[in-house]
Amino acid sequence: MLKIANYQFQSRLLLGTGKYSDFHLQKEAVNISETEILTFAVRRMNIFEANQPNFLEMIDLDNYKLLPNTAGAATAEEAVRIAKLAKASGLCDMVKVEVIGDSKTLLPDPIETYKACQMLLDEGFIVLPYISDDVVLARRLQALGVHAVMPGASPIGSGQGILNPTNLSFIIEQAEVPVIVDAGIGSPADAARAMELGADGVLLNTAVSGAKDPVKMALAMKLAIEAGRYGFEAGRIPKKKFASASSPTEGLSPL
């Protein structure tokens with residue numbers, strides 16, 4: 001079970017809601033994924049304009065926890081304003097803090113992210129910061145009081161998978177709050193690998209919405225995350241340099 005602050009979830013898949021070709025396909029993918037947390041960019045949603053199309057109108061909001069994110073923010077102050085806008089609309093008190101520091105790589109700004117988290121914690125938000133695979137920053141954010149850390153596997157939307165499993169493992173090993181791998185996941189194998197490393201969950205969007213068959217990919221990601229978690233809990237065998245017989249050699253009958 002995934003626990004974030006005072007919330008509990010059966011599913012460890014967090015699903016983004018952007019980039020789908022239409023709302024009906026999006027709804028099918030969301031349903032089959034069995035996710036319980038949907039994330040969306042507040043600045044891209046017409047949450048105050050009733051005459052504008054809105055995916056949230058097509059789903060039963062009682063079945064999901066909404067995780068608005070502050071995508072589009074370049075400073076801590078902008079991130080806080082976006083978070084307050086989402087809270088004022090009655091959507092959620094939980095927020096994914098996303099403060100981009102570089103327009104080409106879309107990597108998060110560690111300083112502004114830390115400042116935004118500090119400000120939002122003071123405002124009583126449940127705070128989940130999106131960060132690079134920065135071991136020290138993850139530790140400092142935990143000390144600050146965030147409710148989860150969300151290190152990227154690789155640049156947003158790149159589909160490159162986990163580029164630095166060592167740093168990701170360090171973050172997971174020292175974690176006192178949930179670690180949710182966010183950004184760069186491209187395939188079910190990437191998602192399973194993240195979970196095998198010990199991550200508590202995976203957040204993805206483009207890997208599903210950009211697939212040839214988003215609905216089938218959403219199902220594949222669901223199963224991969226479940227398999228990866230079971231694999232982590234089961235404990236894999238150690239790697240060995242040489243072969244090791246899988247059948248006992250003692251007591252063999254003479255030829």
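I take contact to mean heavy atoms within 4.5 Å. The model I am reading is predicted.

**Helix α3, extent.** I looked up residues 110-122, which form helix α3 with 13 residues. From first C-alpha to last I find 19 Å, close to the 18 Å expected at 1.5 Å a residue.

**Ends.** A side-chain oxygen of D109 comes within 3.0 Å of the backbone nitrogen of I111, at the start of α3. After the helix I checked G124, which follows α3 and has a positive phi, near 90 degrees.

**Buried side.** Which residues of α3 are buried? I list E112, T113, A116, C117 and L120. They lie on the same side of α3 because the arc they cover around the axis is only 135 degrees.

**Cover.** I then asked what covers the buried residues of α3.

**Other face.** Turned away from the buried side of α3 is a face that carries I111 and D122, both exposed.

**E112.** I went back to this residue of helix α3. Why does E112 count as buried? Its relative accessibility is 13%, and the cut-off for buried is under 20%, so E112 counts as buried. For its contacts I left aside the neighbours within four places in sequence. E112 then touches A74, T75, A76, E77 and V99.

Methods. Residues are numbered from 1 along each chain as its sequence is written. This is a predicted model: local features need pLDDT of at least 70, side-chain atom pairs count only at pLDDT 80 or more; totals for chains, interfaces and linings use all residues. Side-chain values use heavy atoms; hydrogens and water are left out. Helices (H or I, at least four residues) and strands (E, at least two) are DSSP runs, numbered from the N terminus. The expected span of a helix is 1.5 Å times one less than its number of residues. Buried means under 20% relative accessible area, exposed over 50%, partly exposed in between (1.4 Å probe, protein chains only). The arc is that of the directions from the helix axis to the C-beta atoms. A polar contact is a pair of N or O atoms within 3.5 Å; within protein, one must be able to donate a hydrogen and the other to accept it, and residues adjacent in sequence count only if both atoms are side-chain atoms.
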